[in-house]
Amino acid sequence: MSAPYLKNIEHRQALCLPELVAYQSDQIISRTLAQNDAVSITLFAFDKDEEISTHASDGDAMVTVLDGTARITIAGVEYVVSKGETIVMPAGIPHAVKAEEQFKMLLTVVFPRQ
């Protein structure tokens, strides 16, 4: 049997993703589920007003909001996203994430083929 591709998550169970990462005061908490040359999958919990400053990624980054509301800036344009919504931040384009209130997201980054 090979090692699992997904880590830090139970296999063969129905799970509630927002419950797998907890809010902590004045912090951003993350839980990496997969990380390799092709893809990165990470759960995040942001306390209100916490943020990831402007940066760019080598891959397309897709945010799926699991709880709360965030302001996501992509190439200088602000988007407000809430629970149940998804937004894609294209590769190479500057973007930032700020929690308008406590906010949880599933971040999936797909990298170009090497």
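## An aromatic cluster

Phe44, Phe46 and Phe103 come together as one aromatic cluster. Welcome to this predicted model, where local features need pLDDT of at least 70 and side-chain atom pairs count only at pLDDT 80 or more, while totals for chains, interfaces and linings use all residues. Residues are numbered from 1 along each chain as its sequence is written, and side-chain values use heavy atoms, leaving out hydrogens and water.

How many aromatic pairs does the structure hold? There are two. Rings of Phe, Tyr and Trp (its six-membered ring) pair if their centres lie within 6.5 Å; planes under 30 degrees apart count as stacked, over 60 as edge-to-face and the rest as tilted. The rings of Phe44 and Phe46 have centres 6.0 Å apart and planes at 45 degrees, so this pair is tilted. For Phe46 and Phe103 the centres are 5.2 Å apart and the planes stand at 55 degrees, so that pair is tilted too. This second pair links distant parts of the chain, with Phe46 in strand E2 and Phe103 in strand E9, 57 residues apart. Strands (E, at least two residues) are DSSP runs, numbered from the N terminus.

## Buried rings and the core

Buried means under 20% relative accessible area, with exposed over 50% and partly exposed in between (1.4 Å probe, protein chains only).

A nonpolar core is a set of buried Ala, Val, Leu, Ile, Met, Phe, Trp, Tyr and Cys residues joined through side-chain atoms within 4.5 Å. The largest one here has 17 residues, and Phe46 and Phe103 are among those with the most contacts inside it. Strands E2 (39–46), E5 (69–74) and E8 (95–99) are among the elements giving two or more residues to this core, and E9 gives the largest share, four residues. Apart from this core lies another, of nine residues, including Val21 and Leu106.

## Around strand E8

Strand E8 is mostly covered, with four of its five residues buried. Two strands pair if DSSP finds at least two bridges between them. E8 pairs with strand E3 (residues 51–55) in the antiparallel sense over three bridges, and His95 in E8 is the bridge partner of His55. Five bridges join E8 to E5, also antiparallel, and here Ala96 in E8 stands opposite Thr73.
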